[in-house]
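Subject: Structure handover

Hello,

Please find the structure below, for your files. My notes on what was found in it follow directly after.

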Amino acid sequence: MRKGIRENCPAAEAAGLLINLRTIDESNYEQCFHLKASVENENFVDSVIYSLAEAWVYCEDTRPFAIYKGEEIVSAFQTAWKTGMFL
């Protein structure tokens, strides 16, 4: 796990919230490979595999996250904060 990134939110779990964020790392990245964009969004987003490769290459400036509903991964996204990094 990267320094400064909390893997999950114990307060959300204790409150019974069903959705939480976790850093994508060596323990869950393969589960993300099965995620697909909906048909109407497939031309607007990169594949999860491409996004994870991009997060690896730009590891100083990006963080990939999985969205969990309970213990099931339902979506993923990555943050990026370096201006001009992506076209």
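I start with N28, which touches T23, A66, Y68 and I73 when residues up to four places away in sequence are not counted; contact here means heavy atoms within 4.5 Å. N28 sits in the loop between β1 and α2. Helices (H or I, at least four residues) and strands (E, at least two) are DSSP runs, numbered from the N terminus. The relative accessible area of N28 is 4%, so it is buried. Buried means under 20% relative accessible area, exposed over 50%, and partly exposed in between, with a 1.4 Å probe and protein chains only.

Before the rest, the conventions. This is a predicted model, in which local features need pLDDT of at least 70 and side-chain atom pairs count only at pLDDT 80 or more, while totals for chains, interfaces and linings use all residues. Residues are numbered from 1 along each chain as its sequence is written, and side-chain values use heavy atoms, with hydrogens and water left out.

Overall

The protein chain has three helices and three strands, in the order α-β-α-α-β-β from the N terminus on. Of its 87 residues, 28% count as buried. The chain exposes about 6,500 Å², of which carbon and sulfur atoms supply 57%; accessible areas come from the Shrake-Rupley method with a 1.4 Å probe, and for residues only the protein chains shown count as cover. Among contacts between residues at least 6 apart in sequence, 48% join residues at least 24 apart.

Strands

Strand β2 (residues 62–69) pairs with both of the others. With β1 (residues 19–23) the pairing is antiparallel, over five bridges, and L21 stands opposite I67 in β2. With β3 (residues 72–80) the pairing is also antiparallel, through eight bridges; there R63 has T79 of β3 as its bridge partner. Two strands pair if DSSP finds at least two bridges between them. Six of the eight residues of β2 are buried, which leaves the strand mostly covered. The hairpin of β2 and β3 has two residues between the strands, and G70 in this hairpin takes a positive phi near 65°.

A76 belongs to strand β3. A76 has a relative accessible area of 28% and is therefore partly exposed. Leaving out residues up to four places away in sequence, A76 touches I24, L35, F65 and A66. Its C-alpha atom is separated by 9.3 Å from that of S51, a residue 25 places away along the chain.

Salt bridge

The structure holds one salt bridge, formed by the side chains of R22 and E71 at 2.9 Å, N to O. The pair links distant parts of the chain, with R22 in strand β1 and E71 in the loop between β2 and β3, 49 residues apart. The criterion is a side-chain nitrogen of Lys or Arg within 4 Å of a carboxyl oxygen of Asp or Glu. Which of the two partners is buried and which exposed? R22 counts as buried because its relative accessibility is 9%, whereas E71 counts as exposed because its value is 60%.

Helix α3

The buried residues of α3 (48–57) are V48, S51, L52, E54 and A55. They cover an arc of only 160° around the axis, so they lie on the same side of α3; the arc is that of the directions from the helix axis to the C-beta atoms. These buried residues pack against α2, β2 and β3. W56 and V57, on the other side of α3, are exposed.

Surface and loop between α2 and α3

Y29, F33 and I49 form a nonpolar patch on the surface, with about 260 Å² of accessible area together. Patches are made of residues with over 30% relative accessible area and no salt bridge; like charges are joined within 9 Å, and nonpolar side chains (Val, Leu, Ile, Met, Phe, Trp, Tyr) within 5 Å. F33 is in the loop between α2 (29–32) and α3, and is partly exposed because its relative accessible area is 32%.

K36 is also placed in the loop between α2 and α3. K36 counts as exposed, at 69% relative accessibility. The C-alpha atoms of K36 and D46 are separated by 9.5 Å, with the two residues ten apart along the chain.

Regards
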